[in-house]
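Take a look at the fold below.

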Amino acid sequence: MAQSVLGRLLKCSLNSAARPAYAHNLFGTQLQRRALSLGVVPAKPILVRNHAAPILACNRRNTTDAPKKPASPEILSKLFPQTAANVDEETEKERKRKEEEEAKENEKAFKRMKVGFAVFAGAGGALLVWSIYEFGKPEVDADGNVIEDEFIKLPAVEQYLKRMWKSMHYYQKMIQEPSREKLLPDPLKPPYIQPPYTLVLEMKDVLVHPDWTYQTGWRFKKRPGVDVFLQECAKHFEIVVFTAEQGMTVFPILDALDPNGYIMYRLVRDATHFIDGHHVKNLDNLNRDLRKVIVVDWDPNSTKMHPDNTFNIARWMGNDDDSQLFDLISFLKTIATTDVEDVRDVLHYYRQFDDPIMKFRENQQKLMEQMQERERMDQAKSKPIVKNWSRNFLGR
């Protein structure tokens, strides 16, 4: 009955299209109230206005022409709650699947890590056992008989451990200390001539400089004046090259640098002390009188055990206009020709200056001026007295 009443009301509304607008609005409002009172709710709101048919057609055309956008799962779950459970179940399944895959991958990585640690520990243990056996076993003679030492009466395990510790200490001493107690042989005996002074030179950045270019690669550049320097110094000094470089690098360079053999001895890295990260030249092992030893170097750390025997010069960086070696020739020849008893007194004086070569030039200039002044005074005193009296007497 309610549906038949609603149908009659809708039919009446359609037949009244020619009524005024306010009548249609009023009728539409009454129609909605009547439908609500009967308990019938239409699917769409009823629009009752003039020219209803064209407006509805237009709205229908706009609705069909608009592009349809895919609704996201969140919007669908809000509009249609009955589908929210399915969406949540799929998301939860995907999340659980990823968590299971990550857990399996982490478990595999942990197993690999445990295997790696086990292999590392096994290799370390095997190496330790081998080291104890190899470095802790007693020495034997040519016939294979065991040579008794201070550990022979101890228990076997203690014997091997103490011998290994002694061997490790020996190798550490080999690395940190010079390979021999006397770095140079004893001074020459007559009739051979032993130079009175020993000149110890650093090779790198004193005689040569490492240089690299695209055309030549690595090479060692000879310092200007090095040939004259070696030739002049060899007349008064026993020349020794003492450097922290490896022998396989030093020997070919010195062979090419000194074809005449002015350099008498060559000392390399195995002759140095390793102290606080520096290779130090210990002159106590040089087997020479330190009162007659002069070290020419640019690095104070390399001779920090004997600073009073060191004449520090500026580091040569490969420039072609360098002339320090010529000034150094004058300095060394001055020491040699004046028969200095203890060179450490002279070197100690020059060690207080930042540029000892420049200070030596100034002292040489002052000495030259003093000698010229003394020469003029001597010439003035050497004039004959009779000649001066005759000039005064004759009024000249």
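**From the loops to the helices**

R288 is found in the loop between β7 and β8. Helices and strands here are DSSP runs, numbered from the N terminus: helices are H or I with at least four residues, strands are E with at least two. This is a predicted model, in which local features need pLDDT of at least 70 and side-chain atom pairs count only at pLDDT 80 or more, while totals for chains, interfaces and linings use all residues. Residues are numbered from 1 along each chain as its sequence is written, and side-chain values use heavy atoms, with hydrogens and water left out.

Is R288 buried or exposed? R288 has a relative accessible area of 12%, so it is buried. The cut-offs are under 20% relative accessible area for buried, over 50% for exposed, and partly exposed in between, with a 1.4 Å probe and protein chains only. The side chain of R288 makes a polar contact of 2.9 Å with that of E238. A polar contact is a pair of N or O atoms within 3.5 Å; within protein, one must be able to donate a hydrogen and the other to accept it, and residues adjacent in sequence count only if both atoms are side-chain atoms. Neighbours within four places in sequence aside, R288 also touches other residues, including L184, P185, D186, P187 and Y265. Contact means heavy atoms within 4.5 Å.

Now the whole protein. It has 12 helices and 9 strands. Of its 396 residues, 27% are buried. Among contacts with a separation of 6 or more, 65% are between residues 24 or more positions apart.

Turn to helix α7, residues 226-233. Its buried residues are V226, F229, L230, E232 and C233. Their cover includes β1, β3, β4, α8, β5 and α9. The axis of α7 comes within 9 Å of the axis of α9 (residues 324-337), and the two cross at roughly 10 degrees. Axes are lines fitted to C-alpha atoms, for helices over the stretch in contact, and angles run from 0 to 180 degrees between N-to-C directions. The two helices, α7 and α9, are therefore roughly parallel. Angles under 35 degrees count as roughly parallel, over 145 as roughly antiparallel, 65 to 115 as roughly perpendicular and the rest as oblique.

Which residues of α7 and α9 meet? From α7 come V226, V228, F229, E232 and C233; from α9 come L325, L328, I329, L332 and K333. In this contact of α7 with α9, 8 residues are nonpolar, none is polar and 2 are charged. Ala, Val, Leu, Ile, Met, Phe, Trp, Tyr, Cys and Pro count as nonpolar, Asp, Glu, Lys and Arg as charged, and the others, Gly among them, as polar.

R223 is buried, with a relative accessible area of 1%. Its side chain makes a polar contact of 2.8 Å with that of D322. Beyond four places in sequence, the contacts of R223 include D205, V206, L207, W316 and L325.

Next comes helix α8, residues 247-257, where G247, V250, I253, L254 and L257 are buried. These residues cover an arc of only 140 degrees around the axis, which puts them on the same side of α8. The arc is that of the directions from the helix axis to the C-beta atoms. M248 and A256 are exposed on the other side of α8. The buried residues of α8 pack against β2, β3, α7, β4 and β5.

Helix α10 (residues 343-350) has V343, L347 and Y350 as its buried residues. Seen down the axis of α10, they fall within an arc of 60 degrees, so they line one face of the helix. Their cover includes β1, β8, β9, α9 and α11.

Some backbone details remain. A cis peptide bond joins P190 and P191, with omega about 10 degrees. P191 sits in the loop between α6 and β1. D276, not a glycine, has a positive phi of about 55 degrees. D276 lies in the loop between β6 and β7 and counts as exposed, at 65% relative accessibility. N287 also has a positive phi, near 65 degrees. N287 is in the loop between β7 and β8 and counts as partly exposed, at 21% relative accessibility.
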